[in-house]
Amino acid sequence: MHITIITPHLLKSGLIASAITRQNLKHMTVSPQSLINGFNPETDALLFPHAFDAQIWYQMRPLLENLSPKLPLIFIGTIHKPVFGLPEFKRRARQCIFLDDSIPIDEIPLLIRDIIQKSPLYDQGRRIAVGSYTLDRGQRILENASTQIAFTKKEFFLLELLMQNINRIISRDSIVDYVWDRNSYVDPNTIDVYMSRLRHKLADEKNFTIKTIPCLGYKCSL
């Protein structure tokens, strides 16, 4: 998953960017001016953590018009909500999700992940290249030149998390946050069962390993 943070206060975005990184999500931070100048990021969601002038919205209008109508626009706070009641922006209102600005900062990435996972755009034909493999989100398939393996939804989310963090240890808590609802209780044995399923399906991929790191979590290597 990839999040683009759009803010006129790049230095102030450090806390939210750090919180996103701690949840094993990729991100980049750009200014509204970058978008006005034609930068069009490949991303799963746009995050607006800070307020900026209404004039900037009008300057960004061409970008908004070119965005996929299914791309989530996520705002922290409601200060920009009136903008999307204006006739010029009303058609984008359905994409907008306004988070309460009293939410603790470490919970914001979890909410963003939930939003992205439920977004139609996330599942419809999005493909991610990792090494010699490609993850097809629409069909939930892993493939390379000679292999095509299908996964259930939770198996795929687990595999996606591991592959987006190659050679990094992923904790069991991070797995629960990413694969299951963050408010759900997940028995530790459930994670072991899903890891066993992944290993079984990937058994013929000799260069593809998922190691258990005692007391810490799991690590995927290609």
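This is a predicted model: local features need pLDDT of at least 70, side-chain atom pairs count only at pLDDT 80 or more; totals for chains, interfaces and linings use all residues.

Reader: What is the general idea behind a salt bridge, and how many salt bridges does the structure hold?

Author: In general, side chains of opposite charge can pair when their charged atoms come close. In this model there are three salt bridges.

Reader: Which residue forms a salt bridge with aspartate 106, and where do the two partners lie?

Author: The partner of aspartate 106 is arginine 22, and the closest N and O atoms of the pair are 2.5 Å apart. Aspartate 106 sits in the loop between strand S5 (96-99) and helix H4 (108-118), while arginine 22 belongs to helix H1 (residues 14-22), so the bridge ties together parts that are 84 residues apart in sequence.

Reader: Which side chain meets lysine 201 in a salt bridge?

Author: Lysine 201 meets glutamate 155, with a distance of 2.7 Å from N to O. This pair links distant parts of the chain, since lysine 201 is in helix H8 (residues 188-201) and glutamate 155 is in helix H6 (residues 153-163), 46 residues apart.

Reader: Is glutamate 155 buried or exposed, and what is the relative accessible area of lysine 201?

Author: Glutamate 155 has a relative accessible area of 3% and is therefore buried, whereas lysine 201 is partly exposed at 30%.

Reader: What can be said of the salt bridge between arginine 172 and aspartate 192?

Author: The side chains of arginine 172 and aspartate 192 come to 3.2 Å, taken from N to O. Because arginine 172 lies in helix H7 (residues 172-179) and aspartate 192 in helix H8, their bridge ties together parts that are 20 residues apart in sequence. Arginine 172 is partly exposed at 27% relative accessibility, and aspartate 192 is partly exposed at 35%.

Reader: Where is leucine 35 found, and is leucine 35 buried or exposed?

Author: Leucine 35 is part of helix H2 (residues 32-36), and with a relative accessible area of 4% this leucine is buried. Its C-alpha atom is separated by 32 Å from that of valine 179, a residue 144 positions away along the chain.

Conventions:
Residues are numbered from 1 along each chain as its sequence is written. Side-chain values use heavy atoms; hydrogens and water are left out. Helices (H or I, at least four residues) and strands (E, at least two) are DSSP runs, numbered from the N terminus. Buried means under 20% relative accessible area, exposed over 50%, partly exposed in between (1.4 Å probe, protein chains only). A salt bridge is a side-chain nitrogen of Lys or Arg within 4 Å of a carboxyl oxygen of Asp or Glu.
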